Amino acid sequence: MRKRRMPAVAAGAVAVATVLVAGPAAAMSGGQPVPAPDPAPWVATLALAGDGSLLQRAGCGGALIAPDRVVTAAHCVDQVDPSGQEVHVGARVLSTDPGETRRIRGVSVRPGYRIIPSPANPDDPNDSTAADDLAVILLDRPVTDIAPLPVADRRPAAGTEVSLFAHGTTGHAGADFRDDVLHRGDLTTLRPNDCTAGTPGTVDTPSVWCAQDTAGTGVTGCFQDSGSPLVAWTEGRPRLVGLFSFGGETAGKACGTPSAQYAADTTGLRRWLFAPRLPLEPYPAGAPEVTGSATVGGTLHCAPPVWSRSRGDRPESIGYGWATVTRAGPFELPTPIGGADADTLTLGADLAGQRVACVVTAATRPVP
């Protein structure tokens with residue numbers, strides 16, 4: 001996870017404010033609105049904590065698999081401060097129905113999770129794929145009035161019909177840029193060879209399977225809902241078989257363009273998903289402290305926060321970085337400052353007037 005403190009680089013006193021950012025996300029373009037009463041109340045939505053419309057604050061998706069836990073894509077919580085996030089379960093219409101709201105009491109990332117740069121274009125993160133892209137979010141209070149989604153114990157065979165439930169962007173500009181109402185898109189699973197042939201990126205077939213819209217209705221991945229559940233149907237009842245991880249963007253294809261869609265495999269992981277004591281990522285009990293002079297030529301120093309012993313495990317490694325920050329709606333978007341990988345930063349003239357964030361990265365494993 002990461003925690004940030006942000007001063008303004010200008011003459012005068014240092015102004016400090018906490019910066020929270022959502023992780024990368026992708027979602028569904030196409031599909032059909034899910035009608036009321038909601039047949040998929042177990043769909044979860046991750047969002048920045050706040051009082052504004054959930055339609056503007058929402059990010060990744062997920063699924064309620066137990067009263068006190070939601071499963072999502074690991075890249076949705078990687079390098080994201082959990083203390084500034086919240087989870088909404090059963091929010092069918094984001095603008096009017098926030099569902100059951102819970103804060104996060106802990107995050108556990110699947111061992112082996114990693115981002116894999118594309119061999120064809122290793123410098124572009126949008127072309128990257130992922131392996132073991134799963135994380136469990138522990139909720140601060142159980143959700144007792146929504147039945148959890150059962151987890152299948154077997155990967156769907158090629159040719160199986162599966163459904164993606166997501167609140168993603170539509171791939172269109174304008175007022176309809178996002179699916180306010182929960183959407184369902186139907187796909188058909190592909191053979192492993194077709195999955196690897198569908199992208200120049202590396203597909204970790206032990207932890208990833210794929211599916212595609214073979215009916216030509218335009219169901220593809222887009223932005224804002226990585227972690228959204230894919231279900232297979234048994235006697236008309238849904239079973240969780242995967243979470244949306246990446247899609248056609250790894251092959252240079254835009255939203256709505258026919259392409260394979262790749263899921264992190266949740267099947268066969270009951271022991272990990274429902275373990276009574278999961279290893280937890282570090283959880284900040286406060287914010288880092290930035291001191292120094294926020295003037296050109298001055299030096300800033302960043303001290304890490306205190307880590308909560310009840311919500312996360314003790315960090316084994318702590319890394320530092322600095323970034324300039326711009327705002328897009330409720331989101332603060334950092335751009336790393338090249339070479340700024342220490343706990344101090346000397347401010348050059350190129351940073352005059354800009355907002356700068358101290359980035360603290362903590363992990364229960366070495367930080368690369």
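Strand 13 and strand 17 (residues 229-234) pair in the antiparallel sense over 3 bridges. Here strands (E, at least two residues) and helices (H or I, at least four) are DSSP runs, numbered from the N terminus. Two strands pair if DSSP finds at least two bridges between them. Within this pairing, Ser163 stands opposite Val231 of strand 17. Strand 13 is also joined to strand 14 (residues 183-189), by 6 bridges in an antiparallel arrangement. There, Leu164 has Gly185 of strand 14 as its bridge partner. Strand 13 is largely enclosed by the rest of the structure, because 5 of its 6 residues are buried. Buried means under 20% relative accessible area, exposed means over 50%, and partly exposed lies in between (1.4 Å probe, protein chains only).

The model is predicted; local features need pLDDT of at least 70, side-chain atom pairs count only at pLDDT 80 or more, and totals for chains, interfaces and linings use all residues. Residues are numbered from 1 along each chain as its sequence is written, and side-chain values use heavy atoms, with hydrogens and water left out. The predictor's confidence in each residue is given as pLDDT, from 0 to 100. Its mean over the protein is 87, and 88% of the residues reach 70 or more. Residues 1-27 have a pLDDT below 50, and this stretch has 126 contacts in the model beyond near neighbours in sequence. A contact means heavy atoms within 4.5 Å.

Val71 has Val136 of strand 12 as its bridge partner.

Strand 6 (residues 58-66) holds Leu64. Leu64 is buried, at a relative accessible area of 0%. Beyond its neighbours within four places in sequence, Leu64 is in contact with several residues, including Trp42, Val70, Leu139 and Ile146. Gly90 lies 26 residues from Leu64 in sequence and 9.2 Å from it in space, C-alpha to C-alpha.

Disulfides were assigned next. A disulfide is a pair of cysteine sulfur atoms within 2.5 Å. The count comes to 4. With the bonded cysteines numbered in sequence order, the pairing is 1-2, 3-4, 5-6, 7-8. Cys60 is joined to Cys76, with 2.2 Å from S to S. This link is left-handed, because the torsion about the S-S bond of Cys60 and Cys76 is about -90 degrees. Cys60 lies in strand 6 and Cys76 in the loop between strand 7 and strand 8 (85-89), so the pair ties together parts that are 16 residues apart in sequence. Cys60 is buried at 5%, and Cys76 is buried at 5%.

Another disulfide joins Cys195 to Cys210 (S to S 2.0 Å). The link of Cys195 and Cys210 is left-handed, with -95 degrees about the S-S bond. Cys195 is in helix 2 (residues 192-197) and Cys210 in strand 15 (residues 208-212), 15 residues apart. Cys302 is bonded to Cys358 (S to S 1.8 Å). This link of Cys302 and Cys358 is left-handed, at -75 degrees. It connects strand 21 (residues 299-303), which holds Cys302, with strand 25 (residues 356-363), which holds Cys358.

Charged pairs were examined last. Side chains of opposite charge can pair when their charged atoms come close. A salt bridge is a side-chain nitrogen of Lys or Arg within 4 Å of a carboxyl oxygen of Asp or Glu. The count comes to 10 salt bridges. In one of them, Asp265 meets Arg155 at 2.9 Å, N to O. Asp265 lies in strand 19 (residues 261-265) and Arg155 in the loop between strand 12 and strand 13 (161-166), so the pair ties together parts that are 110 residues apart in sequence. Asp265 is buried, at 10%, whereas Arg155 is partly exposed, at 29%. Glu100 pairs with Arg102, the closest N and O atoms being 3.4 Å apart. Glu100 is partly exposed at 22%, and Arg102 is buried at 7%.
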